[in-house]
Amino acid sequence: MDKKEEIALSRMRKSVQKLGGSTERYGDPTLTRFLKARSMDSEKAAKMFVQWQTWRASFVPNGFVPESQIPDELESRKAYLQGLSKDGYPVLIFKGSRHFPCKDHLQCKRFVVYMLDKAIARAIKEHEIGNEKFICLVDLRQLTYKNFDPRGLINAVQFLQAYYPERLEKMYMLFMPRFFQSVWKMVCHYLDKGIREKAGGVG
């Protein structure tokens, strides 16, 4: 860690305290993720970190999403983990043809959190460091308009950006149909630069 990063981390910790949050249980790797997501701006990173703490305490009060809260989403088998990449990252696969627009939006949001948490947990070796990452493969084969869910897509992207900074190593959009390409380009306008660059793999 260079001197600039040390100073940025120190300032961030102080800013978090001023905002009513706490960094006591979190090491440098965790805080650095938030700094990188906010271009090493300590105040912006602190604000993002406190918002994440508040959201986590409210949305995931038990520290995890119980499977009993997401029965319909699990039944579809549209998302699952499949081994590790050659570089050792957990691989999260999402099958677009198995997804249909959400009727229960809260359950859909919980499912997103459930899968992201599961991918991160798979990356943990002996104990969590705070900088674990995963790879996401989005398989769009046989995708039709029946599977089209703009709201669900935006929710997933927003959760990834706001609450899982620097967790995504790379995202690959595979077999993207022509009708979906314009939609994805529109969504990309709402992505932070870091996420946009990592989501550049299209096949």
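Predicted model: local features only at pLDDT ≥ 70, side-chain atom pairs only at ≥ 80, totals over all residues.
**Entry 1: the overall build**

I began with the secondary structure, and the protein chain came to eight helices and five strands. Reading along the sequence, I wrote down the pattern α-α-α-α-β-β-α-β-α-β-α-α-β. The radius of gyration is 17 Å, close to the 17 Å that the globule rule gives for 203 residues, so the protein chain is as compact as a globular protein of that length. I also looked up the box that the C-alpha atoms fill, and along the principal axes it is roughly 50 × 35 × 30 Å.

How much of the protein chain counts as buried? I found 44% of the 203 residues in that group. The protein chain exposes about 12000 Å², and carbon and sulfur atoms supply 51% of that area. Next I looked at contacts between residues at least 6 apart in sequence, and 75% of them join residues at least 24 apart.

A friendly reminder to myself before the search: rolling a probe the size of a water molecule over the atoms shows where empty space is left. I searched the whole structure for cavities of 30 Å³ or more and found one. Which residues are closest to its centre? Of the 35 residues in the lining, I noted Phe94, Val112, Gly152, Leu153 and Ala156.

H6 gives the most, with seven residues. By class, I counted 26 nonpolar, five polar and four charged residues in the lining of this cavity.

**Entry 2: the largest pocket**

Pockets came next, and the largest pocket has a volume of about 590 Å³. It is lined by 25 residues, and the closest to its centre are Trp52, Arg56, Asp117, Glu128 and Arg167. Helix H2 (28-37), helix H3 (42-59) and H5 each supply at least two residues of the lining. I sorted the lining of the largest pocket by class and got twelve nonpolar, six polar and seven charged residues.

**Entry 3: the second largest pocket**

About 250 Å³ of space lies in the second largest pocket. Its lining has 13 residues, and I marked Asp72, Glu73, Phe100, Pro101 and Lys103 as the closest to the centre. Helix H4 (71-76) and H5 each supply at least two residues here. Which of the elements has the largest share of this lining? I found that H4 does, with three residues. By class, the lining of the second largest pocket has four nonpolar, three polar and six charged residues.

**Entry 4: one residue up close**

I ended with Phe179, which is found in helix H7. What does Phe179 touch, leaving aside its neighbours within four places in sequence? I found contacts with Leu143, Thr144 and Tyr145. I also looked up Phe179 and Asp104, which are 75 residues apart in sequence. In space, the C-alpha atoms of Phe179 and Asp104 are 26 Å apart.

Terms used: Residues numbered from 1 in each chain as written. Heavy atoms only, no water. 1 Å grid on protein atoms, 1.4 Å probe; cavity = no way out; pocket = protein on both sides within 12 Å on 5 of 7 lines; lining within 4 Å. Points joined across faces, edges and corners; volume = space filled by probe spheres on them. Helix = DSSP H or I, 4+ residues; strand = E, 2+ residues; numbered from the N terminus. Nonpolar A, V, L, I, M, F, W, Y, C, P; charged D, E, K, R; others polar. Rg over C-alpha atoms; globule rule 2.2 N^0.38 Å. Buried < 20%, exposed > 50% of the residue type's maximum accessible area, 1.4 Å probe, protein only. Contact = heavy atoms within 4.5 Å. Areas by Shrake-Rupley, 256 points an atom, 1.4 Å probe, with all protein chains shown as cover.
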